[in-house]
Amino acid sequence: MTTTQPESTVDTVAGVDPDKQVSDVFSDDIVEKAQQIIGRYPVARSALLPMLHLVQSVEGHVSQAGIAFCATQLDLTTAEVSAVATFYTMYKRRPCGEHLVSVCTNTLCAALGGDAIYAKLREQLGSDGKPLGHEETAGEPGTPGSITLEHAECLAACDLGPVLQVNYEFYDNQTPESASELVEKLRKGEKPAPTRGAALTDFKQAELQLAGFFDGRDPADNAGPSASIETVRGAKLAQERGWTAPSMPDDAPLPALPEKK
């Protein structure tokens, strides 16, 4: 079953106090976490980005209630919060599935097979002969086995392309077949280990971590490799062979700065 959410992001209920809606969604624990985030910054509004991740850890997207929550906590207008939430692609305006699958379709990954992977997953996750669209969800959002699919711009892993991410964890050197197998395992409730990085969790838990909280997370889950062999091979060769780059001389001439007018 494929669920496609409507484009409208207005989710307030007519005749219901918006402040009550916010308090119904965001518990005292979330308010406390929001205050902890604010405490990390000398200026409160700087906390907006992690706070939006905190909102997504609760609802699986940034709702109108979430925007109102951030605005209240940070003494911002809802317009200011909406401007940020709609600018960055990591903030979703429609509910996400249990897992967010991001397929890199930028130049190098696309040339190596990223487009074919994305096409394969669209067909696999679609229904009634219709491929799944960008940021659409197969299954009921938030329920076990539900998958939101997106094509992503560069995921900064060109040396390991084509790549995809699940909840922002990397799966490198993919093929249409391996990506298809990965998605089927996710739909069955399995959590295959990423190529590198922390153990896989679900989208909401990943968002909580992006907000800076690791509640219920076993430290051992973060023991995966942080870099691939291919990425650090040059540095290891240089170390083994004693290669170093010459340092910059202390008396190196520097270009003159243009005169301010």
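Modeller: Helix axes are lines fitted to C-alpha atoms over the stretch in contact, and angles run from 0 to 180 degrees between N-to-C directions. The model is predicted.

Colleague: How do α4 and α5 lie to each other: parallel, antiparallel, perpendicular or oblique?

Modeller: Helix α4 covers residues 64-74 and helix α5 residues 78-85, and their axes are 8 Å apart. The angle at which α4 and α5 pack is about 120 degrees. Angles of 65 to 115 degrees count as roughly perpendicular and those over 145 as roughly antiparallel, so a value between these two ranges falls in the remaining class. That makes the placement of α4 against α5 oblique.

Colleague: Which residues of α4 meet α2?

Modeller: Helix α2 (residues 28-38) packs with α4 at about 50 degrees, the axes being 11 Å apart, and the two are therefore oblique to each other. The crossing of α2 and α4 is right-handed. On the α2 side the contact is made by Ile30, Val31, Ala34, Gln35 and Ile38, and on the α4 side by Phe69, Gln73 and Leu74.

Colleague: Which strand gives the most to the lining of the largest pocket?

Modeller: The largest pocket holds about 370 Å³ of space. Its lining consists of 20 residues, and those nearest the centre of the pocket are Thr89, Met90, Lys92, Glu135 and Glu150. By class, this lining has nine nonpolar, six polar and five charged residues. The element that gives the most, with three residues, spans residues 147-152 and is strand β4.

Colleague: How many charged residues line the largest cavity?

Modeller: The structure has one cavity of 30 Å³ or more, and the space in the largest cavity is about 50 Å³. Lining the largest cavity are Lys92, Arg93, Arg94, Pro95, Cys96, Glu135, Thr137 and Thr148. Asp, Glu, Lys and Arg count as charged, so Lys92, Arg93, Arg94 and Glu135 belong to that class. Beside two nonpolar and two polar residues, the number of charged ones in this lining is four.

Notes. Residues are numbered from 1 along each chain as its sequence is written. This is a predicted model: local features need pLDDT of at least 70, side-chain atom pairs count only at pLDDT 80 or more; totals for chains, interfaces and linings use all residues. Side-chain values use heavy atoms; hydrogens and water are left out. On a 1 Å grid over the protein atoms alone, a cavity is a set of points where a 1.4 Å probe fits but cannot get out, and a pocket is an open set with protein on both sides within 12 Å along at least five of seven lines; lining residues have an atom within 4 Å of a point. Grid points are joined across faces, edges and corners, and a volume is the space filled by probe spheres set on the points. Helices (H or I, at least four residues) and strands (E, at least two) are DSSP runs, numbered from the N terminus. Angles under 35 degrees count as roughly parallel, over 145 as roughly antiparallel, 65 to 115 as roughly perpendicular and the rest as oblique. A crossing is left-handed if the near helix is turned anticlockwise from the far one by less than a right angle, and right-handed if clockwise. Contact means heavy atoms within 4.5 Å.
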